[in-house]
Each structure stands twice: as C-alpha cells, then as structure tokens.
Amino acid sequence: MLGFQPYETFQLLIETGGVDRTNTLLIAACDAYARRGKATPPEMEQFEALASRLFPIAGPQARAKGAAILGRAEMLSPTLEQLVVDNIGEDLISFLTGAADLSEPTMLDIIARYDVPAAATIAARDDLTNVVLAKLFQMNSRKVYRALASNAAIVPRGAYLSALARSAQMDHMVAESLAKRSDFDAALLAPAFFDLSDEHRVKVIQAFTNRETPKLPTSRTIEQLTVANQELTKALMKLFSENRRPEVTRLLSQITSLDEVRCGQIAHDVTGAALFVILRAFGCSAYEGLKVLIHATSHDSDRSRALADFATLFGNVTPESMAYLMSAWRGEVNLLELNKPEYKPFTEASRRTPSQTLAPAHNPVVEQAIEALARIGARRAS
C-alpha cells in the first residue's frame, strides 16, 4: 500500500519486529500517506487499519512525530484526525490552525476536554458548525470568547449576540474586537465604553444616531435638570478653563448619580467623548456644548476635526438617547432591548441625498464656528 506492498508485509513486521521496528514503520507509513495526496476510499480505509495498529504500540516520540507528519496530509478521515489529535502532543495548536478541514466529531472531542488554547484555536476557524458554536459559547473562557469575537465568519445574532455583548462588559479585548466589526451593533458596547479606544467610543455614540430608545425611569429628573443646562455649561466651561478637574468630578457626581471614580474618568477624558454624552443627555445644544468641549479637550492638529465631529453628533443624537447611554453606565437598562425592531436605527441611504455633501470635518461653516468659539470661550468663561 502506498509504496509499501504488499499490505501483509506490514502486518508481519508489526507482529515480529518489536517497538523499534514499529516506530520506523509508523513514521514511514505516515510519511507515505502524507505524500500520497488525495487517497482513494480503499486506500484510506487500509491506512486507517494500519495506523490504528501502529500508534498504540509505538513509542511516545514516534507517535508524536508520526502524528505531526500525518497532520500535513491533504485528506484525513475522522478516524485519522482522532489519531493525530490524540498523539500529536505539543503540535496540536499548529495542526488545528493549519488543517484545511476538521470534522465536527474532532472539534467536539477537543472542546469536551476543556483544552482552552485548543478550543480558542478552533473558535477562530471559519468552518464551524452550529453544534460546535453552541459548545464553544458554553465555555467560560476569555480566550475562547476573544477568538469568537474576532471571527468574522460568525454572525452575531440571537443567543450568540447576547453572549458576546455580555462578554464585552467583562473583557476589554472582546469589546475592542467587537467595536472593529461592521456587523455588530456598537450601541451594545455602552457598558464597556470606558474600556474602548477613542475612535470606538465615538462609534458607540454614533450607533445611537437617529435611534429611538426605551423610556427611562429617570427621564423626569433629567428633564428637570435640562432647564438649567446653560448654568451647567457655564460652570463646566469655567472649571475646565481653569483646569479644576477634581471640582468637575464632584459636580458631575452630583448631577449624574454616577460613582465618583466614573465621574473622574469623564472629567479627565481629554477626547471629550464621555463628556459629550453628559452634555447632550442634559439637553445642551451644539453651541453650548462645544464651548465646554473646547476647554475640556486636547486634540492638537486634529482638534478642529474632532470638534466638528461632535458638532455633527449634537445634531444627530437626541438627549433621550444619550440619557439612555448614561443609564447603561449605571447598569440601569437592558441594552439587548435595542435589538427590538422599534429601536433599530432608521437611517437609510437615499438616492436623492447629494453625494457631494460636505463631511463634518470639512464643513467650513462648522469650522468657522469652532474657531470663533475658541476665541471667545476663554473670555466668556471668566
């Protein structure tokens, strides 16, 4: 078989040659099968019988070497896959990564062993069945969930979507991976907002653009406070212009009911994303809000672009939606409600919308307003 004819010769050598001869035969047979290319069904069946005899009686090093060689074969049956997995030892991860195909029984067997590195490697593959996916999502492992979150072949919906969203709240690497995906609703990352990069914090806010949100139990309180938003912006602008961020922290703690640590993060966030949420939640307009953000942020060469993006967001997200996002920071809402049809974003591309519309960062009107605010902001703060 495969350059070693006749097959009976193998059987005789196995029975009479001892362990050393068996080791040699195992490696030679695995090498011959790997070089064979695409084996015919009779050849595969014959080799299965031979390998099943050789692997149990060969030495540990020969089994590992033979399995590594066999793992490079173009085609493996579930039986041969199992022999590779059982004997390959430290090279298991490289086999799982490089194998063109893996059978469902092999994947399930590895997951059942609770071998986390191996399971995480499987979770990164693009040929997972629903049964395998279900087993992977049942594993309580950060490594596995990080691989699942990065796997573009997995569509985040239903129970999988819920599991990934919950995992993002506990693992910033999962949250960051999900934030990079275009097929994941970034609004569900609201609880992980402060673990995200600057770019992805803005992406979370943008996910609430033109979007209805469930009614909040604290909406009446927020509505009462929005009446005094001019006094609020004036106080914040003065504190930020004088770099009195500890006092900003105490003020935010009083008006938002967020804990002081979180308010400290908001006060010291020089990107302005978290502060934008607070300002918009309390009904601040773009003009009032930008006066505060100009003094709170530090953008250097990108300053005008970042502030222009916020100017656009002031017009595109409602105070109610930002109040909802702020409530998510307090853990008061069930974000998965946003998956209901009535809370889906309702923005649709329109053929009548002119494609030459200026992007926010290049809108000269917005840029002139920002420059004007920058000139008068310090004077008005005093």
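Helices here are DSSP runs of at least four residues, numbered from the N terminus. With that in hand, let us explore this predicted model through a few exercises.

**Exercise 1. Get an overview of the whole protein chain.**

Step 1: Look at the secondary structure. The protein chain has 22 helices and 0 strands.

Step 2: Consider burial. Of the 382 residues in the protein chain, 48% are buried.

Step 3: Consider the surface. The accessible surface of the protein chain is about 19300 Å², and carbon and sulfur atoms account for 51% of that area.

Step 4: See how the chain meets itself. Among contacts in the protein chain with a separation of 6 or more, 65% are between residues 24 or more positions apart.

**Exercise 2. Which residues of helix H5 are buried, and what follows the helix?**

Step 1: Find helix H5 at residues 78-87. Its buried residues include Leu80, Glu81, Leu83, Val84, Val85 and Asn87.

Step 2: Recall some helix geometry. An α-helix has 3.6 residues a turn, so residues three or four places apart point the same way.

Step 3: H5 is followed by Gly89, which has a positive phi near 70 degrees.

**Exercise 3. Explore the largest nonpolar core and the surroundings of Ile205.**

Step 1: Find the core. The largest nonpolar core has 119 residues, and those with the most contacts inside it are Phe95, Leu136, Ile205 and Trp329. Helix H18 (residues 273-281) gives the most to this core, contributing 8 residues.

Step 2: Pick out Ile205. Apart from neighbours within four places in sequence, Ile205 is in contact with Phe193, Ala273, Phe276, Val277, Leu313, Val317, Met322 and Leu325.

**Exercise 4. Describe two aromatic pairs and say which parts of the chain they tie together.**

Step 1: The structure holds 9 aromatic pairs. A pair of aromatic rings is described by the distance of the centres and the angle of the planes.

Step 2: Begin with Phe208 and Tyr324. Their rings form a tilted pair, 6.4 Å centre to centre with 55 degrees between the planes. Phe208 is in the loop between helix H13 (198-206) and helix H14 (219-226), while Tyr324 is in helix H21 (residues 319-329), so the pair ties together parts 116 residues apart in sequence. Phe208 is buried, at 0% relative accessible area, and Tyr324 is buried at 1%.

Step 3: Continue with Phe276 and Phe310. This pair is stacked, with 5.6 Å centre to centre and 25 degrees between the planes. Because Phe276 lies in helix H18 and Phe310 in helix H20 (residues 303-316), the pair ties together parts 34 residues apart in sequence. Both Phe276 and Phe310 are buried.

Step 4: Phe137, Tyr145 and Tyr160 form one aromatic cluster.

**Exercise 5. Is Asp171 buried or exposed, and which residues does it contact?**

Step 1: Locate Asp171 in the loop between helix H11 (158-170) and helix H12 (172-179).

Step 2: Read its accessibility. Asp171 counts as buried because its relative accessibility is 1%.

Step 3: List its partners. Leaving aside neighbours within four places in sequence, Asp171 is in contact with Arg142 and Arg146. The side chains of Asp171 and Arg146 are joined by a polar contact of 2.7 Å.

**Exercise 6. How many disulfides does the structure have?**

Step 1: Recall the bond in question. A disulfide is a covalent bond between the sulfur atoms of two cysteines.

Step 2: Search the whole structure, and 0 disulfides are found.

Step 3: Look at two cysteines. Cys30 is buried, with 1% relative accessible area, and Cys284 is buried at 1%.

Terms used
Residues numbered from 1 in each chain as written. Predicted model: local features only at pLDDT ≥ 70, side-chain atom pairs only at ≥ 80, totals over all residues. Heavy atoms only, no water. Helix = DSSP H or I, 4+ residues; strand = E, 2+ residues; numbered from the N terminus. Buried < 20%, exposed > 50% of the residue type's maximum accessible area, 1.4 Å probe, protein only. Polar contact = N/O pair within 3.5 Å; in protein donor to acceptor, adjacent residues only side chain to side chain. Contact = heavy atoms within 4.5 Å. Disulfide = S-S within 2.5 Å. Core = buried A, V, L, I, M, F, W, Y, C linked by side-chain atoms within 4.5 Å. Phe/Tyr/Trp six-rings, centres within 6.5 Å; stacked < 30°, edge-to-face > 60°. Areas by Shrake-Rupley, 256 points an atom, 1.4 Å probe, with all protein chains shown as cover.
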